[in-house]
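Hello,

Please find the structure below. My notes on it follow.

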Amino acid sequence: MTAEVDLNDLKRRMEGAINAFKHDIASLRTGRASSNLLDPVQVEAYGSRVPLNQVANITVPEPRMLGVSIWDKSMVGAVDRAIRESNLGLNPIIDGQNLRIPLPELNEERRKSLVKIAHDYAEKAKVAVRHVRRDGMDGLKKAEKDGVIGQDESRAQSDKVQKMTDDTISEVDRLLAEKEKEIMQV
């Protein structure tokens, strides 16, 4: 196993942590409508629980409104119930086979709690990145101990791993700052 392949794997895993973080913060409600807002909603359909996007189209017709076009007319009640019970604080308005979901204004307390949640997601992402870093450093130490690579090569690779870690964590911080600004924007 070469150390170069190891670095590419570490980079891929760190990017995976960033992608997971992006997905987590995309589901936080910022006052602006986003179809990602309904990602956690599961609908009781045809005897099993399925994600909302498998039984309906989700659109954003206005900045503070979501539209849900349900494909099967018999599913309207189940989709309405699933959205109301999702703890997102949303109250859909049934309009035939469609639902209109107005987004209520966020109050200051709710904004601050969303920022706290975003910080928790960021910390989870940073911990994941640090775990990847630890795995890389352990692999380099083992390779050096086993005589696969020399001490100089090990140090150079360690510096690369540390730089990757620092870059990834600064990217998480940047994304967090953007999301925090978006949440706190009135």
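Start with the hairpin. S1 and S2 form it, with two residues between them. Tyr46 sits in the turn and has a positive phi of about 55 degrees. Strand S1 (residues 42-45) and strand S2 (residues 48-51) run antiparallel and are joined by four bridges. Gln42 has Pro51 in S2 as its bridge partner. Helices (H or I, at least four residues) and strands (E, at least two) are DSSP runs, numbered from the N terminus.

A word on the source. This is a predicted model: local features need pLDDT of at least 70, side-chain atom pairs count only at pLDDT 80 or more, and totals for chains, interfaces and linings use all residues. Residues are numbered from 1 along each chain as its sequence is written, and side-chain values use heavy atoms, with hydrogens and water left out.

Confidence next. The protein chain has an average pLDDT (the predictor's confidence in each residue, from 0 to 100) of 86, and 94% of the residues score at least 70. Helix H4 (residues 151-184) is highest, at a mean of 91. Helix H1 (residues 3-26) is lowest, at 84.

The domain assignment (automatic or from a database) gives domain 1 (7-28 + 107-185) and domain 2 (35-102). Their C-alpha centres lie 34 Å apart.

Now the sheet. Four strands make an open sheet in the order S3-S4-S6-S5, with antiparallel pairing (at least two DSSP bridges between two strands). Strand S3 (56-62) and strand S5 (93-95) stand at the edges with a single partner strand each, so one side of each has no neighbour in the sheet. Neighbouring strands here are turned by 25 degrees against each other on average, direction ignored. S5 is joined to strand S6 (residues 98-102) by three bridges, and the two run antiparallel. Asp95 stands opposite Asn98 in S6.

Last, the helices. Helix H3 (residues 108-145) has 38 residues. Just after H3, Gly147 takes a positive phi of about 80 degrees. The axes of H3 and H4 (lines fitted to C-alpha atoms over the stretch in contact, with angles from 0 to 180 degrees between N-to-C directions) come within 10 Å and cross at roughly 170 degrees. H3 and H4 are therefore roughly antiparallel (over 145 degrees) to each other.

Best wishes

Terms used: Angles under 35 degrees count as roughly parallel, over 145 as roughly antiparallel, 65 to 115 as roughly perpendicular and the rest as oblique. The expected span of a helix is 1.5 Å times one less than its number of residues.
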